[in-house]
2 protein chains.
Amino acid sequence: MPRHLSSLLSPHAVAVIGASPRPGSVGGEILRNILRFGYRGAVYPVNPNHHEIDGIHCYASVQDIPDPIDLAIVAVKREQAIEVVRDCGEVGIANIVLITAGFKESGPEGARLETELRDTVARYGINLIGPNCMGIINSSPSVSLNASFSRFFPKPGDIAFISQSGSLGETFLEFFERMGLGVSLFVNLGNRAGLTENDLLDGLDDDPNIRTLFLYLESFADPHTLRSLAERIGQGKRILVLKAGRTRAGAAAAASHTGALATPDAVVDAFLKQSGIIRVLSIEEAFVALRALEHPTIPKGNKIAILTNAGGAGILAADACERWGLKVPRFSAETRETLSSFLPEEASTGNPVDMIATAGARDYERALRVSMGEADAALVIFRPPVVLAEPAEAVAEHILKAASSKEKKPIVACTLSETDIVQPFQERLTQAGIPVYTMPEAAVRALYFLYRVGKGQAVSEPEADSFQPDRGRALHAVEEAKAAGSPSLSFSQGAEVLSGYGIPVSPYTYVDEGKIDEFIQKFGFPLAAKIDSPGLFHRFERGAVITDIPDRSSLENAIGALEGIMEEEGLKGRILLQPMLSGRELIFGMERDSLFGPVLMFGIGGTLVEALQDVAFGVAPVHLDQAEEMIRSIRAFPLLESFRGQPAVDIRPLSLFIHRLGRLSLEIPEIKEIDLNPFIVGETAAAVDILIRIE
Amino acid sequence: MPRHLSSLLSPHAVAVIGASPRPGSVGGEILRNILRFGYRGAVYPVNPNHHEIDGIHCYASVQDIPDPIDLAIVAVKREQAIEVVRDCGEVGIANIVLITAGFKESGPEGARLETELRDTVARYGINLIGPNCMGIINSSPSVSLNASFSRFFPKPGDIAFISQSGSLGETFLEFFERMGLGVSLFVNLGNRAGLTENDLLDGLDDDPNIRTLFLYLESFADPHTLRSLAERIGQGKRILVLKAGRTRAGAAAAASHTGALATPDAVVDAFLKQSGIIRVLSIEEAFVALRALEHPTIPKGNKIAILTNAGGAGILAADACERWGLKVPRFSAETRETLSSFLPEEASTGNPVDMIATAGARDYERALRVSMGEADAALVIFRPPVVLAEPAEAVAEHILKAASSKEKKPIVACTLSETDIVQPFQERLTQAGIPVYTMPEAAVRALYFLYRVGKGQAVSEPEADSFQPDRGRALHAVEEAKAAGSPSLSFSQGAEVLSGYGIPVSPYTYVDEGKIDEFIQKFGFPLAAKIDSPGLFHRFERGAVITDIPDRSSLENAIGALEGIMEEEGLKGRILLQPMLSGRELIFGMERDSLFGPVLMFGIGGTLVEALQDVAFGVAPVHLDQAEEMIRSIRAFPLLESFRGQPAVDIRPLSLFIHRLGRLSLEIPEIKEIDLNPFIVGETAAAVDILIRIE
């Protein structure tokens, strides 16, 4: 247990303030849970109205307790809460779990009280969990503390569970207990007026007994802290998040539940992926993933061997594999031949290997040994046949033999049944670290999570971009626009900002600079002419862009026409010439999210993409490999590959541009929004239109 | 029970041929199951080696049985199977369930035997289930027959379960029993050498005790029969299908498992939707759907009210609703006010209605009454709080009160817990026809299935197309090409086919017809010129199309260039002129699937769509409303709506064209493939390029 959280999570002495003998009182329930689940430390009930509760001496106030207290569990009326917290601070109690509700979640008066509470704990330097929470649990045998009103107390294990919600927290605890999942720590965060999920992650980082951190969240306390914590912790531990409020309906509900602001879920998704955090989408999926993550071995790739004694289940498993991006490779002729040598004629050997109902323990062992040579992981389906030739344990033992003999590759099993016959099979394998599921789809999902963990761990250090940005040059352009009171940058100012950060811009000249001839000489026709006016955002729709100008006289006409528009619309601005660049049209963008900060956007340009809303997001900073994944993740990505005679686009420089846009957005907070649309990639790559809005 | 299947599924006397006292013998297991589960009819074991089994007289052969037998269960060695079937036929037994394996699934000799078996049952007019199956079950109290080697025997109810797989069949039976789902009939089809799923659907159509037909299939015996059966049965009953082999990996496994041919899953999906059959994608989902379908009430729309005493679960439920296309409408100010009048300050009233943990039975009743006014269905989440103010049954009773008082709208409940406390809550509601799930995501999925059933039932009769096709005109063109030995039709022949079926074609003229001037006069420039040669499939890539021809002299040049290409490549063909049509580019297509027949395809044209593979399928015949759904289902559909200043495309004629292409494909089987790419829709709609391949 890390030092600064150890007196909170592994206390030697706890006070229960608001304890009561009355059945149904929350303080009373907590006291009884502390006693019932065999807390190893000392308990001090506090309640001025009682001298004794459940045979234990009860103190009138926390000041009366003669011994030092590590943790106070406070379950008093809302009106008394802050005074009690102050009392605790005065006697030097460093940790409080405040169960009491009626704060921020209950209206303006509660919100006022919560502010006062925050001030109070800050003054005394108290670690506060809550308010409005159900408490904490530490089921490690050396502590055995259920300082909550949960009826459930999971067996100890290497999972720490941090839940923003109390009721869902207890639901998870019930099923952790039922599934026999080892969960040593449970913390219900409640309103997070003191400690947040980040403080707990930080504190648990160097706890050698915790391998998996599971978070149920409805909002993020501070996403950037979470990300840097996850990047640090993720090297040794696995972080799993169930984030509720994914959809508009859910987010609205979450916002009214927690008072937190909603962020588009695609951004949350991108953010969690960038942070190396595994996301689950439902309660059931969380159970599947947590069971899978108990497994010590992580697959190196996504090739799955499926062995079964029930053909239909093999097919459903293969279907599920493809759905989750896992491969079920057809085995080589050699492997198939080896399998045929001991399996009956009716068996299928291609993968899934359907060994038919007569398959015995030795068949499982041999088939597993042979199949593992061509896969990164295996799914073993053993459905107890009507007539058991040998006990189910024997099948488990032989599976384990095959598992132990090879280089470590994960195996997941499935039984299609929950009868007594499968019980020993399931127990034997689970004990040996092979997760067993009832249904094939869940087992495949488990393999998928293991694969995801592997992929997350395989991510190397963020690659460096050797380009040295010229922040001063960029900042100068921004300040120039700001000084002029403009809401956005001119093209040339935008070009300065982008150039300062190594993002290429189309060649251009302003007509009023008098260098048209040189420009034509250098780039030739056709050209494009456009009005560059900071107030003008939708140039195309306003007729302020003329493209494909074929010759000098057309150019004069075009300039005349644009001057006409400027005059007519009373636009202050200049006329810009650019060569017509050819290539694929891309879009790069940035918007500032109030919670996540700069969010980068990438997409392929053109009307169809606009209609399809086919874009990828990334939260700054975007590492190079993350930027590359953004680019590859859009549905229209095949258009960037070699397509209809056009050569494939080089992804590397595009990744660099996304990375640099992120850096630029972080380093120049005055920039509110960036839109490079179109950004053309052909023989050269360049931003053709630049919109940069500033505060 | 329908008459022609009643002696099979509700027999008065059964013979078990191959019965044996030997433990572990299949025939013995079946005999014991028949006795153990209390079969109401007479049982006649048959085995020449025994005089008595389990205290029952055993006959040496089926000829020795003195009484008439409705059904013979045959579990003999493969070598004896056909002889036994013949014996049964000779003594006039009309129904056989052939358990014996080793037929088609086991190699060439087995396949030969299966052909012989088919011939034999056809000769005697026997209803055959199997071979290679685990048997049948009828759990209705008046029959109570477990004529299978399944260890499980679900309670009677209105579900009939027809499974191609035996092992998955037994898995389902185990969980049906465990869940208390009422399943009166189970048939394991096995190799389907006799009866198929279609025969059973047909036979069960007028069985008033069956409301839901659940099929597990790895392949379709005959999809078109299934479709017409489903269209007939679907008016009164609900058909649910779990079709394995959805993905490439799964289909490969299914093909090797059942020897059946694989069809692209998108086509299967379209086909099931067109047939009004509900598809589930996993075993778990089948359980959720079957539990939901026990519910008698179907929602009229997709607006869901969510009531909860646990905020987090409400958010997860709202997330799940949006994922499945259900709406969680924000309640009106009036409703919110009414809810506020009796709920505590901390409650959320917008929907989800979070009544917080203190909510009592009366709160549930009142909130349900109020909320149902603004929704088509409700999800009620009741998580037993730590301190129960009233028993959970009371909450159930009050939910039922609210449920009964209103017009019939479905309610689904969820408990987030499986403790003893929720047991009576769950029992009371289930009894009254309200399905109860543990987790909110499953409960929402249940509402989704109920909604889907409602949508399926709401489909009106196929709308008529008033156009009278001229089959003769189309057929003439096809026969002309056929007589010329051409693999595909010329443009003018294709135009004849399409025109015969009311599908518009771009105006055109052949250069060698000498009517160029008239054509130019009528349509003006720009024009397109292309080589029309039946062997030339990819015109664009071969330079055989010249577009945007601006004037007469360019036209001469274009014609000269195309003549050059024809000469150079030795192409036999003619040069075609067309006006340049403007509008949205679409693609219509048809390919013949070996199992499903003509499959229609619709997509939006252009390179991006090609890269995205964004197309919709339909199996002919495609009714008009189904064609419209195809068009609306493509991701790029927003491009057909009013977009960037272009008016919305009229969908109705496009639906007609899909419908007519289907009709044409059904009526002219010589046509192998159709590709109308592009088909332009602007001021007019017309096929601009026509490829029609023939046999």
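Reader: How many Å separate the centres of domain 2 of chain A and domain 4 of chain A?

Author: This is a predicted model, and in it the two centres, taken over C-alpha atoms, are 42 Å apart. For orientation, the domain assignment of chain A places domain 1 at 3–244, domain 2 at 296–457, domain 3 at 507–580 and domain 4 at 584–694.

Reader: In what order do the five strands of the open sheet in chain B run, and is the pairing parallel or antiparallel?

Author: The order is β2-β1-β5-β6-β7, with parallel pairing. Strands β2 (42–46) and β7 (127–129) of chain B are at the edges; each has a single partner strand, so one side of each lacks a neighbour in the sheet. From one strand to the next, the twist averages 20 degrees.

Reader: How many bridges pair β1 and β5 of chain B?

Author: Four bridges join β1 (residues 13–17) to β5 (residues 71–74) in the parallel sense. Within this pair, Val14(B) is opposite Leu71(B).

Reader: Which helix lies across β1, β5 and β6 of chain B?

Author: Helix α3 (residues 78–90) of chain B does, and its direction is at about 165 degrees to β6(B) (95–98).

Reader: How should I read a helix such as α18(B): which of its residues are buried?

Author: In general, an α-helix has 3.6 residues a turn, so residues three or four places apart point the same way. In α18 (residues 491–500) of chain B, eight of the ten residues are buried, so the helix is largely enclosed by the rest of the structure. The buried ones are Phe491(B), Ser492(B), Gln493(B), Gly494(B), Ala495(B), Val497(B), Leu498(B) and Gly500(B). Just after the helix, Gly502(B) has a positive phi of about 75 degrees.

Reader: Which residues touch the most other members of the largest nonpolar core?

Author: That core has 226 residues, and the ones touching the most other members are Phe176, Phe214 and Leu379 of chain A and Phe176, Phe214 and Leu379 of chain B. Leaving aside residues up to four places away in sequence, Leu379(B) touches residues including Ile304(B), Leu307(B), Val412(B), Cys414(B) and Leu447(B). A second, separate core has 106 residues, among them Ile604(A), Ala611(A), Val681(A) and Phe491(B).

Conventions: Residues numbered from 1 in each chain as written. Chains lettered and ligands numbered in written order. Predicted model: local features only at pLDDT ≥ 70, side-chain atom pairs only at ≥ 80, totals over all residues. Heavy atoms only, no water. Buried < 20%, exposed > 50% of the residue type's maximum accessible area, 1.4 Å probe, protein only. Helix = DSSP H or I, 4+ residues; strand = E, 2+ residues; numbered from the N terminus. Domains from an automatic or database assignment. Pairing = 2+ DSSP bridges. Axes fitted to C-alpha atoms, helices over the stretch in contact; angles between N-to-C directions. Contact = heavy atoms within 4.5 Å. Core = buried A, V, L, I, M, F, W, Y, C linked by side-chain atoms within 4.5 Å.
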